[in-house]
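Hi,

Here is the structure I promised to pass on.

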Amino acid sequence: MRVLSGIQPTGRFHWGNYFGAIRQYIELQGNPDDALYFIANLHALTTVRDPDELRRLTLDAATDLLALGLDPDRATLFVQSDVPEVSELCWLLMTGTPLGLLERCHAYKDKKARGLTADAGLFAYPVLMAADILAYDSDVVPVGEDQVQHIEVCRDLAASFNHHFGETFVLPKAKILDTSARVPGTDGEKMSKSYDNTLEVFEEPKPLGKKIMRIVTDSRPMEEPKNPESDHLFQLYSLFVDDDARESMAATYRRGGFGYGQVKKALADAAIACFQQARERRREFEAQPNRVREILGDGAARARKKAGEVLLRAQRACGVKP
Ligand code: ADP
Ligand code: TRP
């Protein structure tokens, strides 16, 4: 069973990315042929238009993933654009993609609904994503709920290619990532770069502590008992601690007579401790960017081998190769 997923390098990773995606990618790794993860820089090009920034964010994303435990001996890590076979496959899929299918896809639809003009890259985004998946004969694609529509498009395109040209592609399945890990941001809404409410995984302890102190809380009096389940500060705290600590904090909420400052301090301590080792590992990788590039180079070589086989299969099927 081959697992594949991609993550866009559009900003530094936040707790939502870690608990909602990255941690689960890391849990799913096993051997490099069956766990493929890539930095989707071609997709990011639809939003990041500064070349130096895109290069920096791409290397940062790779360094972050390695520091967080993505292990090149147990997974293949590479940069999307280092596998040009995918872009070629994308064209083969583009021919035969009904416009109506792409018009219904939400990234494009949302942008249009906001009155913005979308480019062809954003419109065709799901086709490139389908090529990413099909190029490696992927069986399972772990993604957040927002990406499920794109996996459906991928399955549609693969099935219709197979129907027209004969069995060529493996039909993948989405594995929806654990949604109980829908991480709230500092304002209680879903944590997201677009809402400016993020807490970054690699934030240094001091500024992180300050950001945590600024998390919005309600202004009910300290004496009043509170329901922990509906409180985003409690939800954030729960991400980092074991059941006993969680229960004990829940009891404090139900008793009342505590200050949110106390919870924030406990949250900051737990978060700083949780990412302490990753921060140290990141400093080591940061000091040797060539090591990171070497890992990405090895990953790309391995990925290209597989993508080359699948591309040739597709080229033969549709008649652009003898
Ligand atoms: P953002 O909303 O900050 O732009 P992305 O869309 O780049 O984040 O997120 C990449 C992946 O990280 C998503 O597919 C999703 O699985 C996960 N993710 C992002 N934000 C959260 C969150 N608040 N809670 C849980 N998972 C999240
Ligand atoms: N579109 C995905 C996102 O924004 C990233 C991505 C690109 C991806 N290609 C992929 C995810 C292929 C899974 C499989 O999160």
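The side chains of Asp64 and Arg282 form a salt bridge, with N and O 2.4 Å apart (a salt bridge here is a side-chain nitrogen of Lys or Arg within 4 Å of a carboxyl oxygen of Asp or Glu). Asp64 belongs to helix H3 (residues 51–67) and Arg282 to helix H14 (residues 276–286), so this pair ties together parts that are 218 residues apart in sequence. Helices are DSSP runs of H or I with at least four residues, strands are runs of E with at least two, and both are numbered from the N terminus. Both Asp64 and Arg282 are buried; buried means under 20% relative accessible area, exposed over 50%, and partly exposed in between, with a 1.4 Å probe and protein chains only.

A word on the source: this is a predicted model, in which local features need pLDDT of at least 70 and side-chain atom pairs count only at pLDDT 80 or more, while totals for chains, interfaces and linings use all residues. Residues are numbered from 1 along each chain as its sequence is written, chains are lettered from A and ligands numbered from 1 in the order in which they are written, and side-chain values use heavy atoms, with hydrogens and water left out.

The whole structure has 18 salt bridges. Among them, Glu229 pairs with Arg246, the closest N and O atoms being 3.6 Å apart. Glu229 sits in the loop between helix H10 (205–213) and helix H11 (232–240) and Arg246 in helix H12, so the pair ties together parts that are 17 residues apart in sequence. Glu229 is partly exposed, at 42% relative accessible area, and Arg246 is also partly exposed, at 26%. Shared partners also link Arg12, Arg56, Asp60, Asp64, Arg282 and Glu286 into one salt-bridge network.

Another salt bridge joins Lys211 and Glu203, with 3.3 Å between the closest N and O atoms. Lys211 is partly exposed, with a relative accessible area of 23%.

As for the chain overall, its secondary structure comes to 15 helices and five strands. Of its 322 residues, 49% count as buried. The C-alpha trace spans about 75 × 45 × 35 Å along its principal axes.

Helix H12 (residues 243–255) also contains Asp243, which counts as exposed at 62% relative accessibility.

Do tell me what you make of it.

Best wishes
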